[in-house]
Amino acid sequence: MYSNFNHVPYGYGYPYGANPYHPYSRYAYPQAYGTYPNYYGYGVRQPVRGQATWTEGGEVTKCGIPWSNNRYMTAAVGQNSPYQCGQTIKVKNIANQRVVLVTVVDQVPNYPENKINLHRKAFETLGASVDLGVINVEITPNPQLEEEKWGKYLLEIAQSAYPNYNATDYSKVSQTQQNGNVKEVYKFVMESPQETMSIEGTVIYNPATDRIISINFKEVS
């Protein structure tokens with residue numbers, strides 16, 4: 001079954017009004033991606049067991065990225081954490097195995113590296129009651145998605161196109177050449193309280209200019 005969300009050619013209707021030539025232009029401080037040590041040099045790619053707390057967030061963040069980003073699927077980490085501002089992190093509730101992908105938007109002084117402070121909505125998405133205050137989690141960085149900017153771009157659009165679902169996983173399906181353009185296909189697992197479904201997001205772009213030719217999504221089995 002195909003969704004109704006597509007753009008050919010790419011143009012109007014992109015959520016948040018972001019400039020398609022600058023995928024992260026809606027962030028208040030896009031330079032945040034370059035002001036921290038190279039995360040990939042740390043070699044931290046394996047899941048880390050730790051704890052998650054929750055917060056309602058605030059108007060100002062250390063990263064210059066609002067808590068409302070990514071439909072409040074956001075989090076804060078310690079200032080000395082290897083996780084960077086704007087990075088996508090997978091968080092799994094060990095108790096029930098529910099998963100959510102969150103964006104790092106803030107930093108907390110003197111916070112352990114294996115602890116993460118989730119926005120309340122992300123905490124609840126993990127099936128946890130806010131009355132608990134803290135839950136045991138598994139934290140997994142997603143360096144592949146960070147290296148694949150179009151995958152992250154499509155993820156953000158998918159989150160807006162399916163407002164009643166949260167992305168819990170992703171994978172890159174293919175990358176091919178088409179008449180001088182590049183076609184990349186990604187698969188995202190989307191969950192709601194009622195169901196889990198998979199969608200494929202496809203972007204075709206000019207690699208010389210990064211100009212998007214088309215974007216579309218379809219639901220897959």
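This note reviews the disulfide and the salt bridges of the structure shown above.

1. Basis of the note. The model is predicted: local features need pLDDT of at least 70, side-chain atom pairs count only at pLDDT 80 or more, and totals for chains, interfaces and linings use all residues. Residues are numbered from 1 along each chain as its sequence is written, and side-chain values use heavy atoms, with hydrogens and water left out.

2. The disulfide. The structure contains one disulfide, a term that denotes a pair of cysteine sulfur atoms within 2.5 Å. Its partners are Cys-63 and Cys-85, with an S to S distance of 2.1 Å. These cysteines belong to distant parts of the chain, 22 residues apart: Cys-63 sits in the loop between β2 (48-55) and β3 (74-78), and Cys-85 in the loop between β3 and β4 (88-93). Strands here are DSSP runs (E, at least two residues), as are helices (H or I, at least four), numbered from the N terminus.

3. Geometry and burial of the disulfide. The link of Cys-63 and Cys-85 is left-handed, with -70 degrees about the S-S bond. Cys-63 and Cys-85 are both buried. Buried means under 20% relative accessible area, exposed over 50%, and partly exposed in between (1.4 Å probe, protein chains only).

4. Salt bridges in total. Side chains of opposite charge can pair when their charged atoms come close. A salt bridge is counted where a side-chain nitrogen of Lys or Arg lies within 4 Å of a carboxyl oxygen of Asp or Glu. By this rule there are six salt bridges.

5. Arg-49 and Glu-138. These side chains form a salt bridge at 3.5 Å, N to O. The pair links distant parts of the chain, since Arg-49 is in strand β2 and Glu-138 in strand β7 (residues 134-141), 89 residues apart. Arg-49 counts as exposed at 54% relative accessibility, whereas Glu-138 counts as buried at 18%. Arg-49, Lys-92 and Glu-138 are also linked in a network of salt bridges.

6. Lys-218 and Glu-200. The closest N and O atoms of this salt bridge are 3.9 Å apart. Lys-218 lies in strand β11 (residues 211-220) and Glu-200 in strand β10 (residues 196-206), so the pair ties together parts 18 residues apart in sequence. Lys-218 is partly exposed at 27% relative accessibility, while Glu-200 is buried at 17%.

7. Glu-124 and Arg-120. A salt bridge joins these side chains at 3.3 Å, N to O. Both residues lie in helix α1 (residues 120-125), four residues apart, about one turn of the helix. Glu-124 is partly exposed at 37% relative accessibility, and Arg-120 is partly exposed with a relative accessible area of 28%.
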